[in-house]
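Work through the exercises below with the sequence and the structure side by side. Try each task before reading its solution.

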Amino acid sequence: MKGTGPASRERDERGAVAVMTAFLLPVLLLACAFVVDLGLQRVARADAQALADIVALDLARELDGREISPAYQSAMEAAAAVSLARNGSVVGGDDHTPVLDVRLGALDADGDFSPMASGIPTAVQVVADTGVDFAFAGMTGQGSGTASRSAVGVSDSAACFQLGSWAATLEPGAAPLFEDLLGQVLGKSVVKAGGWDGLATSNLALADIIAADSISVGTVDGLLSLPGLTAGEVYLAMADVLRADGAIAQADVLDAAAVSAIGDVVIDAGELFALSTATDAALATEFNALDLLIGTAFLANGENFFALKPLQAAIPHVGVTSAELSIIENPRRACNQDTAETAQVKLDALAKLAMSTSLLKINKLVDLKLVDNTIDLAIDIDLAGAQGTLTDYSCDPATFEADVWRDLVTLRLSGNVVVEGGVSVSVLGLPKLVEVPVRFELDLEADGSRAAGTPAHVGPVSYPPQAWGDPVKVGGEDLALPYVTVNRVDGSLDLDPVKVGPISIPVDVLEPLVDGVLDGLMGTIRSEFVIVNPLIDKLNGIVGPLSTGIGLSTAGADFFGLPTPTCQQPALRG
């Protein structure tokens, strides 16, 4: 029998994990220490940022237009301490009470904060410093960490106004004008007279308009940067706001306008709402619904041209064979430092005067007649409106001040009359009068032009007692065409040579003699053209109602403050 040796043993690896753990444990503990301590420091930084933000907002409310001074700096630091006491619960212990550094200054062109040593600050920077004790200082060798964050607060203000509101002067008698104008742009089926009154009395907050589904932005910058905003999207947004307020009929008008011929036309939101220098504080501003409807239509159409049909002036012997009325809609509302401009109006017409053939047979010395009994009379009326800029505003009460320039207003009427016949004059002492054949031109002229005036200061206009939507008149003199005058300043006198027996009398001898007779009779000749003056009365009757119908004061403006200005609205920048 074979002997056997000792039994084989399996390899024993018990205790290997303990050895590995002993080697790895310090590394794991160190990693955990870093995670905990750095996480704690990260939390401290987040809280420091929150603290800097809220203190900066609090101090932005204290930016009140004062010059920088030691006293002002001390007051801001004291306000920062009060804010810190309310909001100082950041991570840290007694040894790490947050420290605030307050700096007054302004934002530069790039939006970065620049501290100021003097002047009026418009921004405040708050730097919040704090620290935290590390839990594993023994392991990491680092006993504490720091956290520093900064924030910049500004005090935003915004106010908007407009000149020459369409809606404010809308009356039932003006409705046909609006229907005809907008019918060419939106389509006759969209324009409903019944919708005017509701739109004219509806105000929409800008914040609500831009938050509607068809636009859906939340800031002024977002609105201004929208690519491809269409007229239809603006109308749908307005309709949503009105429908939410229960104005169903007015919303239906805007829904129809959204699918009109101009619905897909891209418009400039900045031009429509006049917000190029405004901030988010302008979102509280309200706009009149009819203003926005018409303003959007004009922007989409480029410039609106409205041609009056040929009409009769209802005056004997006078007819208007052609008349064209152009109304060019420019921005009429503005916010902050922007300029508002009223609409421009231009009327061109050609009148036909049917003159009598015996009109100029004055006396036995003068026998004149019209070469053409039908005289063309050109009519040119330009109302350039007005422009204005806010110079100051406040919020409690809402008060506006502005400078308003009344622009050039030109009203002209001109025509030309050719007359021929004979004038009897005494020549060279001859005992008998000599009849001289003459032909000359008369220029019919009327001019009611006024140059642009110096700016008129409006205000302070306070709401109340001024009611929102009621215009403040600026200038507005009644400017009308004067009655026509007749002169020969630019005319010409043609004479034929005359022979008395064998004597030939040169033209340069006859001309002063004939001029003397005509000059003496010019008053009589002018009086014969009174037929023109009823036409001027008719034109003046058109110009006045036209200006009123579109809300444009002749040689003046209507100023409206838009509710409601926003003052010292704190905001974070940067």
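**Exercise 1: a sheet and its strands**

Task: find the partner strands β15 and β16, and say in which sense and over how many bridges they pair.

Solution: Strand β15 covers residues 386-395 and strand β16 covers residues 398-406, and the two pair in the antiparallel sense over nine bridges. Strands here are DSSP runs of E with at least two residues, helices are runs of H or I with at least four, and both are numbered from the N terminus; two strands pair if DSSP finds at least two bridges between them. Stepping back, the open sheet has four strands in the order β11-β15-β16-β19, with antiparallel pairing. Its edge strands, each pairing on one side only, are β11 (339-341) and β19 (456-463).

The model is a predicted one, in which local features need pLDDT of at least 70 and side-chain atom pairs count only at pLDDT 80 or more, while totals for chains, interfaces and linings use all residues. Residues are numbered from 1 along each chain as its sequence is written, and side-chain values use heavy atoms, with hydrogens and water left out.

**Exercise 2: aromatic pairs**

Task: decide why the pair of F161 and F559 is stacked.

Solution: Rings of Phe, Tyr and Trp (its six-membered ring) pair if their centres lie within 6.5 Å, and planes under 30 degrees apart count as stacked, over 60 as edge-to-face and the rest as tilted. The ring centres of F161 and F559 are 5.4 Å apart with the planes at 20°, so this pair is stacked. The pair links distant parts of the chain, since F161 lies in strand β4 and F559 in strand β25 (residues 556-573), 398 residues apart. Both F161 and F559 are buried, where buried means under 20% relative accessible area, exposed over 50% and partly exposed in between (1.4 Å probe, protein chains only).

Solution: F400 belongs to strand β16 and Y463 to strand β19, 63 residues apart, and both residues are buried. The structure holds five aromatic pairs, and ring pairs link F161, F400, Y463, W468 and F559 into a cluster.
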